[in-house]
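I opened the model to look up a few side chains and their surroundings. My notes follow.

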Amino acid sequence: MIKELIKDISYDKITLNQALTRAKLVAYKIDNNEFIIWINKELNGYDDLDIVPEYREFYCEMFAKVHSSYYGSKDVPIDLTEINERIDGNLYTYVHRAGISNIEQNVIDAKDANEQYGYIDFPIEIVRDVVRMFQRDDIIAVRRRIVFGRLHNLLNMTKQTLLDTLLELNKAFPNLEDEYMNI
């Protein structure tokens, strides 16, 4: 059961979402609650109050979307260090809380669209603060720019964490039988 899953993951025969789903069977069979919780969070996404693994946090750049009747809208880099310090937050860090299937689909969509970046807009309250701070009425959005390559890293780190756990479990349960095999 575990050996076949390790092989399928290692040779990219299944998606990470499929691997986590199959690993869930292992976790329940051996009654490993910590592993079950981690798998469920990776599959279904992390809630706002959950502690999120470091590999799901990454640096992002800040941009303001400015609009002009002459050239339309464009994104320009913006320094929000002052606001970041004032709110004692971390605007420059994005925590990806979505489930793995969503992230895998994001990577596919980005590849299909030949995109390198994605943008996540901040709420209007932050936009208003930025407009006041910079005294620029042409700012219509404030956004984080995320490099899609970071999503590949997130998927790879999740895969490696899963593999490490399964390899340890294989040592502990070398003869675990699979009751769920397709016949």
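I started at F35 and skipped its neighbours within four places in sequence; the contacts left are A23, A27, L162, T165, L166 and L169. Contact here means heavy atoms within 4.5 Å.

This is a predicted model: local features need pLDDT of at least 70, side-chain atom pairs count only at pLDDT 80 or more, and totals for chains, interfaces and linings use all residues. Residues are numbered from 1 along each chain as its sequence is written, and side-chain values use heavy atoms, with hydrogens and water left out.

I checked confidence next (pLDDT, the predictor's own score for each residue, from 0 to 100). The protein averages 92, and 97% of the residues score at least 70. Helix α4 (residues 81–86) is lowest at a mean of 82, while α3 is highest at 97. Helices are DSSP runs of H or I with at least four residues, strands are E runs of at least two, and both are numbered from the N terminus.

Is K159 buried or exposed? K159 counts as buried because its relative accessibility is 16%; the cut-offs are under 20% for buried, over 50% for exposed, and partly exposed in between, with a 1.4 Å probe and protein chains only. K159 lies in helix α7. Beyond its neighbours within four places in sequence, K159 contacts I9, D12 and L16.
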